[in-house]
Amino acid sequence: MKKWVVSALLVCLATGSLLSGATVSPAMGATTTMKRTSQAPAPAQKPIHDMIVFNDFQVAGLSAGGWNWVKNDEFILPPDTPLDIDITQTTYGSGTNVSRSEVFLDGTELTAFQNEKTAAQASLKWQIPRFTIPSAQLSPGIHTLTFVVTDAKGQKSTVHVRFRVEEQNYPLIYEGDNSVGEPIPTGDTVPIFGVVGSKKFSSKASGKWTLMNSSTKHEMRSAKGTTFSTGSLAFGKYELIFTPDDNNATSWSANLQVGLPELYQGTDENGQKLSQDQKLMAPQAPGTLQLYSPYPGNWWVNGTGQTLTNSQYFEVAIPEMLAGMTINVTFEPNQSSNDSPLKAVSTLQIQVPGTPQACQATTATANMDVLMQNNAKSSLMIEERDLYSSNATVKFYQNPVYLIWLATAADHIKVGSEEDDEEGPGVWAVDNVIVDASKLNWDHTALKLSEYKPGRYKVNYYSKREPRQSWCGYIQVVEDTRPVSSSKVCEQGDSGAVPYPTPMRFLTKKGKQLSDGDHIVVDSISDLDDLEELVLMSTHVENKGTKRIILNQSSRTARRYIHVPDLVWEDGKTFLGSRQESAGGTIQSSNEVKVSFNDKTLLTIEPKRATKDDDRSGDLGSDSLNIKQLIEAQLGQPGIFTIEVTNTMEYRTCQVTYGGKSYTKDTDVLEKKQKMTLKIEVK
């Protein structure tokens, strides 16, 4: 606690009181007092203040003769300074002894500082725990603090201490050279963000500026006038002092701190202080992690889209899908605090607990396209389409490495078509570290693999639109020409994407969803009306147009191209009895519907077979199923209607095998089937 130097000009003004008798304070703390009259009771038998201390300066005490002395008007409190008070007091009694303390400021009791202690000893000397009067309660000017001690018999002792709170008389100092905005309070800390930095200050009054190195106490620079520039300061702490030419004004000072912005884990400075690039362990996902900076600024989580501007607080969301990943958080303070154009940012790493998603097609359902550009003058070419998740390493060759994109949709990268972005924007990770925006395209639908050095990388993608859509695979970028194949290879067009179907279901007119195994009871007209248009929702083939593929990828000079249907697997409305197939396509789908009543077949809907004169590829079928009409056709007879749907999904496969002395390329068509059965009971 600070010890204040007391002016010697006011030492003759001290007065005080004890009980019913008055005392005169001796100059400079002497203990000689006025003699009390012989009729006055002995002070040793009544409560008394042994010592009162303001901010470690004693303002009242007990003389050798048992009388209090008081240093009125000697204590001067600087402006905006709290007042710490220490009291030692003694009470006398028999049996239970009580020592009660009360404090009054200018005649008004400060009830928050009322204290009481009880003991059995006849003489109870008590050092009251230090308490503080906030500076907001101490306006500039003369004040009187009154201290009252009371014992168990109700006898009291009172001491008055008069003191002065100094007027604010600091010069107004501003950031910049125009003396505008909010002035900087004396004693404040002014940050200068960066490894090096500078700052300008100004005052409306002239004076002397002195810049000190806080560590060495060495004067670095001084100047006279109304403005001052620190010049370039290296990382560290400094003190700037301004002494006004006006002798009636008080010197102003501030601490300058050059460095990166401080960050804390939590909501204030009581949390753990974090160092640059420190790695934190996040709570179990899903969860949040709170960060705080003493200064407002901009926050962002690289690659995930989480941002917050002009804030001291940031709550990082930890989604469950990022288990096992490392997230990078960046904080940039508002740069008004540094005259340097260089940006100063603090970065942290957050490790998410858990195991990263495995690179298996059964768990990662999105497909990727790869585009490559050999040099600045060449075209951006589609290298591979519909690359599905796999633990196998896929190699891409370029010499030298110029541009390689891994994208959710090649057409979206080439022409920016919003309709063809498929899985859409996502969160990307390379080797389990979330990728920042500098390595992604403008809407985060593609990863620029060429930003990384040649090597093998594990890549993860998580769709921001649909968390179930994800991709995982191993990509190796090789800075070399593609080797000439010595055996038969499976080319594009030899195999199709494997379907990963969602469960089939029907949607009623009211939007109710009917799934496999459901049993519906119809006992009202409204139930019957809802069965008038049942729409089938299932996984099926959609034709997106045409695409060009390379037949001989192993050749760079004599490539051959063909245009084939651009077929993809989609989940959604499917026509009943439809067949989705195209000549040259690698995937196709179809479905059949059978409706029976009490084991008697009423209706069968199946794809029409193609003939030589009529190519029925892409047959639309029926858009909905009218069960209401079938029920009414049975004249309301009670019974059970059964609906059976079979969905068939086919895809080409290709495999090169070695047998004997030669390679064999085997192609086949595999299929997956789904079945759904519904029962509708009519009462």
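Reply: Start with a definition: a salt bridge is a side-chain nitrogen of Lys or Arg within 4 Å of a carboxyl oxygen of Asp or Glu. A search of the whole structure finds 17 of them. This is a predicted model, where local features need pLDDT of at least 70, side-chain atom pairs count only at pLDDT 80 or more, and totals for chains, interfaces and linings use all residues. Residues are numbered from 1 along each chain as its sequence is written, and side-chain values use heavy atoms, with hydrogens and water left out.

Me: What makes arginine 130 and aspartate 86 a salt bridge?
Reply: Their closest N and O atoms are 2.9 Å apart. The limit is 4 Å, so the pair qualifies.

Me: Why is this pair said to tie parts of the chain together?
Reply: Arginine 130 sits in strand E11 (residues 123-133) and aspartate 86 in strand E7 (residues 83-92). The two are 44 residues apart in sequence, so the pair ties those parts together. Strands (E, at least two residues) and helices (H or I, at least four) are DSSP runs, numbered from the N terminus.

Me: Why is aspartate 86 called buried?
Reply: Buried means under 20% relative accessible area, exposed over 50%, and partly exposed in between (1.4 Å probe, protein chains only). Aspartate 86 has 17%, so the label is buried. Arginine 130 has 38%, so the label there is partly exposed.

Me: How do you know that lysine 224 and aspartate 245 form a salt bridge?
Reply: The N to O distance is 3.4 Å. That is within 4 Å, so the pair counts. Lysine 224 is in strand E18 (residues 219-229), and aspartate 245 is in the loop between E20 and strand E21 (252-259). They are 21 residues apart.

Me: Which labels do lysine 224 and aspartate 245 get for accessibility?
Reply: Lysine 224 has 61% relative accessibility, so it is exposed. Aspartate 245 has 42%, so it is partly exposed.

Me: What makes cysteine 359 and cysteine 472 a disulfide?
Reply: A disulfide is a pair of cysteine sulfur atoms within 2.5 Å. Here the sulfur atoms are 1.8 Å apart, so the test is passed. Cysteine 359 lies in the loop between strand E28 (346-351) and strand E29 (368-373), and cysteine 472 in strand E37 (residues 470-479). They are 113 residues apart in sequence, so the pair ties those parts together. The whole structure has 1 disulfide.

Me: Are cysteine 359 and cysteine 472 buried or exposed?
Reply: Cysteine 359 is buried, at 3% relative accessible area. Cysteine 472 is buried too, at 0%.

Me: How do you know that glutamine 278 is buried?
Reply: Its relative accessible area is 18%, under the 20% limit, so the label is buried. Glutamine 278 is found in strand E24 (residues 278-281).

Me: What does the side chain of glutamine 278 reach?
Reply: It reaches the backbone nitrogen of serine 275 at 2.9 Å.

Me: Why is phenylalanine 235 called exposed?
Reply: Its relative accessible area is 59%, over the 50% mark, so the label is exposed. Phenylalanine 235 is in the loop between strand E19 (233-234) and strand E20 (236-244).

Technical notes:
A polar contact is a pair of N or O atoms within 3.5 Å; within protein, one must be able to donate a hydrogen and the other to accept it, and residues adjacent in sequence count only if both atoms are side-chain atoms.
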